[in-house]
Structures are given as C-alpha cells and as structure tokens.
Amino acid sequence: MEAHARPAPDEIRRWLADVPDPEIPVISVVDLGIVRDLAWDGDTLVVTVTPTYSGCPATAVINLAIEAALRARGIADLRIVRALTPPWTSDWIGDAARDKLRAYGIAPPIDGTAADGRMLGRIGRLTGASNLTVACPRCASNRTERVSQFGSTPCKASWRCTDCLEPFDYFKCI
C-alpha cells in the first residue's frame, strides 16, 4: 500500500471491529480489548495484540483472522506483535461488549472479583469471601449458583439460574 493511501489507525480499528472473537463470535477482537495498538512503521502496519492470557488457545486463530481482514482491505505489509505487558484484563471489555455478551447468554465479568481485588463496579456483588452473585443473562435473576469454575473455554465458568433453571457461562474477571 502506498504511503499516501495509508488508512488511519481509527479506520483500521473500525475494520477490525468486524473480526469476531473465535470463541465468542458475538463480540469482536476490538470489543474484547485485545487489539492494543495500530501503527505504521514505514510501509508496514504493526498491529499489537494482547491475548486474554498468555496460554490462550485462540491466539493463533485471532492473529490469522486479523491478518486476513487487513489483507482483504489491501494491507500488503503487515506485522502482528504479541504484547504480554501490560497483561490483558477484563476491564478492557467495554460496556457495549458486556451488553452483547449478556444478550448472547453469557454473564459478563464483574469488576472487583479478580484475584487482584480490583474495586467492585458494573454489576453483581461479593456476598462473602467466595460467594459471588452473578445475574442470570437470560432472566436477570440473582438467584444463581456456580456449577463449575471451568466452562466452555478457559476464560469462562459454568453457572445455573435457580429461577429459570437455565445454565449459562460467566466470563471470569481477569
């Protein structure tokens, strides 16, 4: 791509907003907050990606999808850089993405429930050292229970609503 025809990083970010997360296709890699930086280094576009955790099995698939989307838009020279610092945090998931998760049937992460003790925020509450209240994404009831700390992917836990009896995933706060 010639220098005068280079798209701005904001435009590229809009393109990447159409690249779905392979494990949760209702949100994009931009919604998830893993596209950390977009910059031109000469004629090469450098995309900095921070995986949700260092061993995330979807990282390679995400990088391939980002590359394919950008090449389809005419970006010929491209480098994807993996950045582990600062580490990704579920705080990087914006409010709109949290709403998309909820509408998809996944309870979004509850701020302040990670091991680092971040302050409580958006939804839910701690009711004791290990008792977390997670609202059901289907009926909004707080009468829920954790079935397993491990869900359909490593970043989710399995929960069940005791009112509507539906199982659901909870996106862990990391």
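Trainee: Which residues have the most contacts inside the largest nonpolar core?

Mentor: In soluble globular proteins, nonpolar side chains tend to be buried together. Here the largest core holds 28 residues, and Leu16, Val47, Ile66, Leu70 and Phe171 have the most contacts within it. A core is a set of buried Ala, Val, Leu, Ile, Met, Phe, Trp, Tyr and Cys residues joined through side-chain atoms within 4.5 Å. Buried means under 20% relative accessible area (1.4 Å probe, protein chains only). Keep in mind that the model is predicted: local features need pLDDT of at least 70, side-chain atom pairs count only at pLDDT 80 or more, while totals for chains, interfaces and linings use all residues. Residues are numbered from 1 along each chain, and side-chain values use heavy atoms, without hydrogens or water.

Trainee: Which elements give two or more residues to this core?

Mentor: Helix H1 (9–16), strands S1 (35–41) and S2 (44–49), and helices H2 and H3 do. These are DSSP runs numbered from the N terminus (helices H or I, at least four residues; strands E, at least two).

Trainee: And where does the core lie relative to domain 1 and domain 2?

Mentor: Between them, because domain 1 (9–82) and domain 2 (94–171) both give residues to it. The bounds come from an automatic or database domain assignment.

Trainee: What does Leu70 touch?

Mentor: Leaving out residues up to four places away in sequence, Leu70 touches Ile12, Trp15, Leu16, Leu45, Val47, Ile75 and Leu78, with contact meaning heavy atoms within 4.5 Å. Then there's a second, separate core of ten residues, and Trp159, Phe168, Tyr170 and Cys173 are among them.

Trainee: How many aromatic pairs does a search of the whole structure find?

Mentor: Two. A pair of aromatic rings is described by the distance of the centres and the angle of the planes. Rings of Phe, Tyr and Trp (its six-membered ring) pair with centres within 6.5 Å; planes under 30 degrees apart are stacked, over 60 edge-to-face, the rest tilted. Trp88 and Phe171 sit 6.2 Å apart with planes at 55°, so that pair is tilted. Trp88 is in the loop between strand S3 (78–82) and helix H3 (95–104), and Phe171 is in strand S9 (residues 167–171), so parts 83 residues apart in sequence get tied together.

Trainee: Is Phe171 buried or exposed?

Mentor: Buried, at 1% relative accessibility; Trp88 is buried too, at 4%.

Trainee: What about Trp159 and Tyr170?

Mentor: They're edge-to-face, 6.1 Å centre to centre and 70° between planes. Trp159 belongs to strand S8 (residues 156–161) and Tyr170 to S9, so this pair ties parts eleven residues apart in sequence. Both are buried.

Technical notes:
Buried < 20%, exposed > 50% of the residue type's maximum accessible area, 1.4 Å probe, protein only.
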